[in-house]
Amino acid sequence: MEAEEYRRLYECERSYWWYRGLRLTVVGMLKRLGIGREHRVLDAGCGTGRLLREIQHELAPGSLGFDVSPHAARYWTQEGLGQVCLGSLNQIPFANATFDAVVCVDVLECDGVRVVNLADELD
């Protein structure tokens, strides 16, 4: 995404119903799974960091996140996040079995994908 899109996202995340509901849903699921203060959650593709901040505040302070975009990284300090880094889902910058849970929400997964017209494919 472009820098301007991250700015808009950051501005909307605090109050827009979708993001508020998403955070409540993810945090609620993690609670039901038994995730608590002693656990570590990875937010893979954390974007501007608002969900990660919520996870750290509500559940597991030792949680970490990463995102591929330096545009997203500009907002991490504004969210008070120090446990974040740049990284790709294709090469996760942490060792296996480092985390008790992993979340990956609203990550664009279509970079480099060939778009096809199914009607053309069926001919």
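## Exercises on a parallel sheet and its surroundings

In this predicted model, strand S1 and strand S2 (residues 64-67) run parallel and are joined by 3 bridges.

**Exercise 1.** Work out in which order the strands of the open sheet lie, and which strands are its edges.

*Solution.* Begin with the pair named above, S1 and S2, which run parallel; within this pair, Leu42 has Leu64 in S2 as its bridge partner. Next, extend the view to the whole open sheet, where 4 strands follow one another in the order S3-S2-S1-S4 with parallel pairing. The edges are then S3 and strand S4 (101-103), since each of these pairs on one side only. On average, neighbouring strands of this sheet are turned by 20° against each other, with direction ignored. Finally, place the helix: H3 (residues 50-58) lies across S1, S2, S3 and S4, and runs at about 170° to S1.

**Exercise 2.** Decide whether Val84 is buried or exposed, and find its contacts beyond the neighbours within four places in sequence.

*Solution.* First locate the residue, for Val84 belongs to strand S3 (residues 84-86). Its relative accessibility is 18%, and because buried means under 20%, Val84 counts as buried. Then look past the neighbours within four places in sequence, and Val84 is found in contact with Cys46, Leu52, Gly65 and Trp76.

**Exercise 3.** Identify which elements give two or more residues to the largest nonpolar core.

*Solution.* Start with the members of this core, which has 13 residues, and of these Val26, Leu30, Val41, Ile55 and Val103 touch the most other members. The elements that contribute two or more residues are helix H2 (17-32), H3 and S4, and the largest share, 4 residues, comes from H2. Apart from this core lies another one, of 6 residues, including Tyr6, Tyr10, Tyr19 and Tyr75. As a general background, nonpolar side chains in soluble globular proteins tend to be buried together. For a closer look at one member, take Val41, whose contacts beyond four places in sequence include Leu30, Ile55, Phe99 and Val103.

**Exercise 4.** Find where in the chain confidence is lowest and where it is highest.

*Solution.* Take the overall figures first: the chain averages a pLDDT of 88, and 87% of the residues score at least 70. Then compare the elements, where helix H5 (residues 118-122) has the lowest confidence, at a mean of 51, and strand S1 (residues 41-44) the highest, at 97. Where pLDDT is low, the predicted coordinates should not be read in detail.

Notes:
Residues are numbered from 1 along each chain as its sequence is written. This is a predicted model: local features need pLDDT of at least 70, side-chain atom pairs count only at pLDDT 80 or more; totals for chains, interfaces and linings use all residues. Side-chain values use heavy atoms; hydrogens and water are left out. Buried means under 20% relative accessible area, exposed over 50%, partly exposed in between (1.4 Å probe, protein chains only). Contact means heavy atoms within 4.5 Å. pLDDT is the predictor's confidence in each residue, from 0 to 100. Two strands pair if DSSP finds at least two bridges between them. Axes are lines fitted to C-alpha atoms, for helices over the stretch in contact, and angles run from 0 to 180 degrees between N-to-C directions. A nonpolar core is a set of buried Ala, Val, Leu, Ile, Met, Phe, Trp, Tyr and Cys residues joined through side-chain atoms within 4.5 Å.
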